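Student: I would like to go through the terms used for this structure one at a time, and ask what stands behind each of them.
Tutor: Then let us look at it together.

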Amino acid sequence: MRPHENLIVWKRAVDFVIDIYRTTGSFPNDERYGLTSQIRKAAVSIPANIAEGAGRKHDKEFARFLSIAQGSSSELETELLIAKKLRYLTEDVYSNLRKELDSIGQMLIGLERTIEKRVLKD
C-alpha cells in the first residue's frame with residue numbers, strides 16, 4: 001500500500017473528484033474545453049498532489065505538495081462560484097460541493113501543519 005492510501009484527506013479528495021465529474025457532466029457542451037475542463041483539472045490536482053507529496057522522501061517536500069493541493073482547492077472554489085453564477089450549478093449543488101471542498105481544505109491545512117511541525121523538529 002502506498003503512503004497516501006492511508007490518508008483520509010486523500011480518500012475524500014478522490015471521492016470529491018468523482019462528484020465533480022458527475023456534476024460537470026451536465027454542463028453545456030460548449031464548456032467541455034473551458035470551465036468543465038478547468039474544474040476537473042483543479043479537482044484532480046488535489047488528490048494527485050497529496051499522493052505525490054506523500055511519496056516523496058522528505059517531509060519538507062510533502063508540505064510543499066500539500067500547499068499546492070491547497071492552491072488547487074482555492075482555484076476550484078473560484079471556478080465553482082463562476083459555474084454557479086452562470087447557473088450551471090444550482091444553489092443546493094454549489095453549497096454541497098463547497099461544504100465538502102471546505103472540509104477537505106481544512107484537512108489539508110491540518111495535515112500541512114502536522115508535517116511542518118515534524119520538519120521543524122528535524
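Student: How many aromatic pairs does the structure hold?
Tutor: In this predicted model, the structure holds one aromatic pair. Its members are F27 and Y88, with 5.3 Å centre to centre and 45 degrees between the planes.

Student: Why is the pair of F27 and Y88 called tilted?
Tutor: Planes under 30 degrees apart would count as stacked and those over 60 as edge-to-face, so the rest are tilted, and the planes of F27 and Y88 are 45 degrees apart. The pair links distant parts of the chain, since F27 lies in the loop between α1 and α2 whereas Y88 lies in the loop between α3 and α4, 61 residues apart.

Student: What makes F27 buried, and what makes Y88 partly exposed?
Tutor: F27 has a relative accessible area of 5%, which is under the 20% cut-off, and is therefore buried. Y88, with 22%, falls between 20% and 50%, and is therefore partly exposed.

Student: Why is α3 called roughly antiparallel to α4?
Tutor: The axes of α3 (residues 59–85) and α4 (residues 91–121) come within 9 Å and cross at roughly 165 degrees. Angles over 145 degrees count as roughly antiparallel, so the term applies to α3 and α4. The crossing of α3 past α4 is left-handed, and the residues of their contact divide into 15 nonpolar, four polar and nine charged.

Student: How do you know that K84 lies over the face of Y94?
Tutor: The distance from the ring centre is 4.9 Å, and the cut-off for such a placement is within 6 Å, together with a position within 35 degrees of the ring normal. R64 likewise lies over the face of F65, at 4.7 Å from the ring centre.

How values were computed
Residues are numbered from 1 along each chain as its sequence is written. This is a predicted model: local features need pLDDT of at least 70, side-chain atom pairs count only at pLDDT 80 or more; totals for chains, interfaces and linings use all residues. Side-chain values use heavy atoms; hydrogens and water are left out. Axes are lines fitted to C-alpha atoms, for helices over the stretch in contact, and angles run from 0 to 180 degrees between N-to-C directions. Helices (H or I, at least four residues) and strands (E, at least two) are DSSP runs, numbered from the N terminus. Angles under 35 degrees count as roughly parallel, over 145 as roughly antiparallel, 65 to 115 as roughly perpendicular and the rest as oblique. A crossing is left-handed if the near helix is turned anticlockwise from the far one by less than a right angle, and right-handed if clockwise. Ala, Val, Leu, Ile, Met, Phe, Trp, Tyr, Cys and Pro count as nonpolar, Asp, Glu, Lys and Arg as charged, and the others, Gly among them, as polar. Rings of Phe, Tyr and Trp (its six-membered ring) pair if their centres lie within 6.5 Å; planes under 30 degrees apart count as stacked, over 60 as edge-to-face and the rest as tilted. Buried means under 20% relative accessible area, exposed over 50%, partly exposed in between (1.4 Å probe, protein chains only).
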